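I opened this entry to keep track of what I looked up, one place at a time. I begin with a single loop residue and then turn to the core and to the contact between the chains.

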Amino acid sequence: MPLLETRDLTKTFGHVTAADRINVSIAEREVIGVIGANGAGKTTFVNMVTGYLKPSAGSILYQGEDITALTPRQVTRRGICRSFQVPQVFMSISLFDNLLVALAAAEQVHPNFWRPLRQRHLLDAAQEIVARYDLGAYRDQQVALLPQGVRKLLDIAMAMAHRPRVILLDEPTSGVSVQEKFGIMEVVMGALRETGVTVLFIEHDMEIIERFGSRVMAFVEGSILADGPPSHVLADEQVRRHVIGEELHRSRRSERGASHA
Amino acid sequence: MMATLLSLLRWLGALAAMALLGWLVPEWAAFLLTLALAKGLVVLGLLILWRTGLVSFGQALFFGFGGYAVGLLGGYAGLSDMVLLTALATVGAGLLAALVGLLLARYRDIFFAMLSMAFSMILYGILVKTELLGSTDGFNVVQPTFLGYAPQGDTLRVMIYLWTVLLCVGAAYGVQRYLESTMGQLAPAIRDNELRVEYLGVSVVRIIYVKVIIAGALAGAGGAITAFAVGHIDPDAMTYWTVSGEFVFVTILSGTGSIAAPFLGSILFELIRTYATQYSPYTWQMVLGSSLLLIILFLPNGLWSLFDRLRRPARPGL
């Protein structure tokens, strides 16, 4: 039985079809890269799987259980966690406190109102995450003051605090400089590999997709154009025309933008 | 172990110091302290909501409920024990908060503030229009007894004060524990980013609901003590929206940096009001307003931030 499966998953916004009968089957421990131009339906797919958006039609099965109607909170409790394109972290408190809150929330279904948050085992666990994600230099800094790349790592680390079986990363390297991208992905993937979690990550950089993905899904106009090993998908004529071509234009545009800046 | 002992000693010290203060100050000041501490309880509840990014303009609902619970149970059920009546008023106000909280916990920002005020004004309207509840005149509250003991005169005043101090220190300890717990520490998290809190598997509505109940119960306790201390209750003094506004005023004045802040702020507020009314009877509101303005200008995080600044001098470069 697949770990996660979608059947004819569809999402429409008025006359626009953002996701069109998406059928996906994901096995345990797969690392799947998702590619596609802006508006291809990648984030809509992630939003539906994690309960943020309710599908217009179709279903989502997790370990055989229908989770289509579940809320983000319920999906998280089932073991499917996510990070966001714009990191969703707690800006007014320190990085370490962000992790503490995430760890405590993972541990307590109904957060305790009497026992202190700062317990030895949570402090140790948070410190371990700080070390694993190479965040030591920022440990006690207020998150609002941290660079985007660090916030991205924190966002992912917080999602992983639940020890999920599936994690969905929405553009983990967006907004991060080209020089930092690989470094961040090395840290993230290294940490995720240790846990054996199943990973689905949205990415625009084909080098990153090739290097870290064991499987690639290419989205075009709300549908999956190709799905398979990176060597096959990235060499596919249709994918090169509709997805990678767009991405090349996109990256050239951004490079030009960067050089003009 | 050592830290626990020190913490216990600190709390007992606070209790003893506050209790002693009641003996040392003149009668009028002890009365003022009792009122200030009772209202400090309400502000303590507001502090819990404030840290979550919520401002309630309707705490007078629970404050008034607490006061009227004491008055009605004393008048109609023949109860006079202050400990029992305060407990009943607190639990009753908590239950009322549990009821209105079902709706309140789903709203944020100005909608939360206005909805809470609307609920308090409904109670005000009911009280004003109901003869049985004393209408606009209100009614007197029974003289309290303490576990069968019925003190008189100065002893009664001292007993009310001591019970108030005990309750306030107990409530402050409970709130301190709560604020340090996972649920308490989720307050800034909710204020910053509700979406992430939900994606951590935590129900934001449930957390806020609990906070509304705690704040309501504390306001009920404050109302009960005020009713006993003043000896009279009426809608204008207990449930009108300006009473809620006063609690918000004191919260801004105090700051939310510590559980001691609401009590200190409340004492300062009562002192300013008392002296302003005495020396400037026609412009005392202006004095209060000016005080708040100065606090906002020079201590935007409230009076307590002054203590924070003294304890943690600014680091160079920051």
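**Loop residue.** I started at Gly39(A), which is found in the loop of chain A between β3 (31-36) and α1 (42-49), and I kept in mind throughout that this is a predicted model.

**Core.** Next I went to the largest nonpolar core, which has 171 residues, and noted that those touching the most other members are Leu99(A), Ala157(A), Ile167(A), Ala218(A) and Leu218(B). The element that gives the most to this core is helix α9 (residues 204-230) of chain B, with 17 residues. I followed up Leu99(A) and, leaving aside neighbours within four places in sequence, listed its contacts as Ala126(A), Ile129(A), Val130(A), Ala157(A), Met158(A) and Ala161(A).

**Contact between the chains.** Finally I asked how many residues each chain puts into the contact, and the count was 25 from chain A and 22 from chain B. On the side of chain A that touches chain B, the elements giving two or more residues are α2 (72-78) and α3 (95-107) of chain A, and α3(A) gives the most, with five residues. Sorted by class, that side of chain A has 15 nonpolar, six polar and four charged residues.

How values were computed:
Residues are numbered from 1 along each chain as its sequence is written. Chains are lettered from A and ligands numbered from 1 in the order in which they are written. This is a predicted model: local features need pLDDT of at least 70, side-chain atom pairs count only at pLDDT 80 or more; totals for chains, interfaces and linings use all residues. Two residues are in contact if their C-beta atoms, placed from the backbone, lie within 7 Å. Helices (H or I, at least four residues) and strands (E, at least two) are DSSP runs, numbered from the N terminus. Ala, Val, Leu, Ile, Met, Phe, Trp, Tyr, Cys and Pro count as nonpolar, Asp, Glu, Lys and Arg as charged, and the others, Gly among them, as polar. A nonpolar core is a set of buried Ala, Val, Leu, Ile, Met, Phe, Trp, Tyr and Cys residues joined through C-beta atoms within 7 Å. A residue is buried if 20 or more other C-beta atoms lie within 10 Å of its own, exposed if 12 or fewer, and partly exposed in between; C-beta atoms are placed from the backbone.
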